[in-house]
Amino acid sequence: MTANLKAKIYITLKKGVLDPQGKAIQSSLAHLGFSGVESVRQGKFIEVELGDTDKKVAENQVKEMCEKLLANTVIENYNFELV
């Protein structure tokens with residue numbers, strides 16, 4: 001029996017895709033006095049608890065979750081780690 005696994009999934013916009021939220025954050029940081037910030041890109045972080053499962057099976061499940069629901073692979077990249 002293996003221990004429960006948790007997937008930490010990071011989703012970001014692909015290069016070249018406009019990021020209005022990132023621009024708004026950058027502007028707000030500048031207004032707060034953080035003048036050295038040259039660029040901001042925002043994204044999503046998702047944690048998924050997988051229960052008792054084999055690490056290879058978990059990797060395949062998480063990849064499928066990202067491809068089918070969690071990430072819009074046309075405009076977003078994703079990566080994940082299992083812990």
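Leaving aside residues up to four places away in sequence, E76 touches I11, T12, L13, K14, K44, L70 and A71 (contact here means heavy atoms within 4.5 Å). This is a predicted model, where local features need pLDDT of at least 70, side-chain atom pairs count only at pLDDT 80 or more, and totals for chains, interfaces and linings use all residues. Residues are numbered from 1 along each chain as its sequence is written, and side-chain values use heavy atoms, with hydrogens and water left out.

E76 is buried, at 12% relative accessible area (buried is under 20%, with a 1.4 Å probe and protein chains only). Its side chain makes a polar contact with the side chain of K44, at 3.5 Å (a pair of N or O atoms within 3.5 Å, one able to donate a hydrogen and the other to accept it; residues adjacent in sequence count only if both atoms are side-chain atoms). A polar atom of the E76 side chain also lies 2.7 Å from the backbone nitrogen of N72.

Now zoom out. E76 sits in strand β3, residues 76-82 (strands are DSSP E runs of at least two residues, helices H or I runs of at least four, numbered from the N terminus). The open sheet has three strands in the order β2-β1-β3, paired antiparallel (pairing takes at least two DSSP bridges). β2 (43-52) and β3 are the edge strands, each with a single partner, so one side of each has no neighbour in the sheet. From one strand to the next, the twist averages 20 degrees.

β1 (residues 4-13) and β2 are joined by nine bridges, and K8 stands opposite E47 in β2. Helix α2 (residues 55-70) lies across β1, β2 and β3, at about 155 degrees to β3 (axes are fitted to C-alpha atoms, for helices over the stretch in contact, with angles from 0 to 180 degrees between N-to-C directions).

Terms used. Buried means under 20% relative accessible area, exposed over 50%, partly exposed in between (1.4 Å probe, protein chains only).
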